[in-house]
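Me: I have a structure to go through and I'm new to it. Can we take it piece by piece?

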Amino acid sequence: MSRKIRNSQKEVDSYPSSGRGFVHVCPHCGRSMELCDTRDGDQAYFCHVCQKGHRAGSPPLLAFRPEEAS
Ligand SMILES: [Zn+2]
């Protein structure tokens, strides 16, 4: 078996999940985003204020904000 099977990035947990030192926020307004299911079975974060969102598998870096220790 010489062929490498490329799995979709859904299987790879390369981004920190929310609640582990990072909060997932909207890169536009800074509010927390809602995790929704997309029509193709993926998951995406959506900001209802901006009416914008991005896939959970490819979030922009600005969507991660270090959790502030208060
Ligand atoms: Zn927003």
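Me: Which residue in β3 does L35 stand opposite?
Reply: L35 stands opposite Y45 in β3. Strands here are DSSP runs of E with at least two residues, and helices are runs of H or I with at least four, numbered from the N terminus. This is a predicted model, where local features need pLDDT of at least 70 and side-chain atom pairs count only at pLDDT 80 or more, while totals for chains, interfaces and linings use all residues. Residues are numbered from 1 along each chain as its sequence is written.

Me: And what stands opposite E34?
Reply: F46 in β3 stands opposite E34.

Me: How do β2 and β3 run, and how many bridges join them?
Reply: They run antiparallel, with four bridges joining β2 (residues 34-37) to β3 (residues 43-47). Two strands count as paired if DSSP finds at least two bridges between them.

Me: What sits between β2 and β3?
Reply: Five residues, and the two strands form a hairpin. G41 in the turn has a positive phi of about 85 degrees.

Me: Back up a bit. How many helices and strands are there in the chain?
Reply: The protein chain has zero helices and five strands. Along the sequence the pattern reads β-β-β-β-β.

Me: Which strands make up the open sheet, and in what order?
Reply: The open sheet has three strands in the order β2-β3-β4, with antiparallel pairing. Its edge strands are β2 and β4, each of which pairs on one side only. Neighbouring strands of this sheet are turned by 35 degrees against each other on average, direction ignored. The axes behind that angle are lines fitted to C-alpha atoms (for helices over the stretch in contact), and angles run from 0 to 180 degrees between N-to-C directions.

Me: What holds strands of a sheet together, in general?
Reply: Strands of a sheet pair through backbone hydrogen bonds, either parallel or antiparallel.

Me: Over how many bridges do β3 and β4 pair?
Reply: Over four bridges, in the antiparallel sense. A44 has R55 in β4 as its bridge partner, and F46 has G53 in β4.

Me: What's in the hairpin of β3 and β4?
Reply: Four residues lie between the strands, and Q51 takes a positive phi near 60 degrees. Q51 is a residue other than glycine.

Me: Why does Q51 count as exposed?
Reply: Because Q51 has 8 C-beta neighbours inside 10 Å.

Me: V49, then: buried or exposed?
Reply: V49 counts as exposed, because it has 11 C-beta neighbours inside 10 Å. V49 lies in the loop between β3 and β4 (52-55).

Me: What does V49 touch, neighbours within four places in sequence aside?
Reply: V49 is in contact with C29 and R31. Contact means that the C-beta atoms of two residues, placed from the backbone, lie within 7 Å. The C-alpha atoms of V49 and C29 are separated by 8.0 Å, and the two residues are 20 apart along the chain.

Me: Switching to M33. Where does it lie?
Reply: M33 lies in the loop between β1 (22-24) and β2. M33 counts as buried because it has 25 C-beta neighbours inside 10 Å. Leaving aside neighbours within four places in sequence, its contacts are H24, V25, C26, Y45, F46 and C47.

Me: How much of the chain is buried?
Reply: Of its 70 residues, 9% count as buried.

Me: Last one: where is confidence lowest and where is it highest?
Reply: Confidence is lowest in β1, at a mean of 81, and highest in β3, at 95. The mean pLDDT (the predictor's confidence in each residue, from 0 to 100) of the protein chain is 80, and 70% of its residues reach 70 or more.

Methods
A residue is buried if 20 or more other C-beta atoms lie within 10 Å of its own, exposed if 12 or fewer, and partly exposed in between; C-beta atoms are placed from the backbone.
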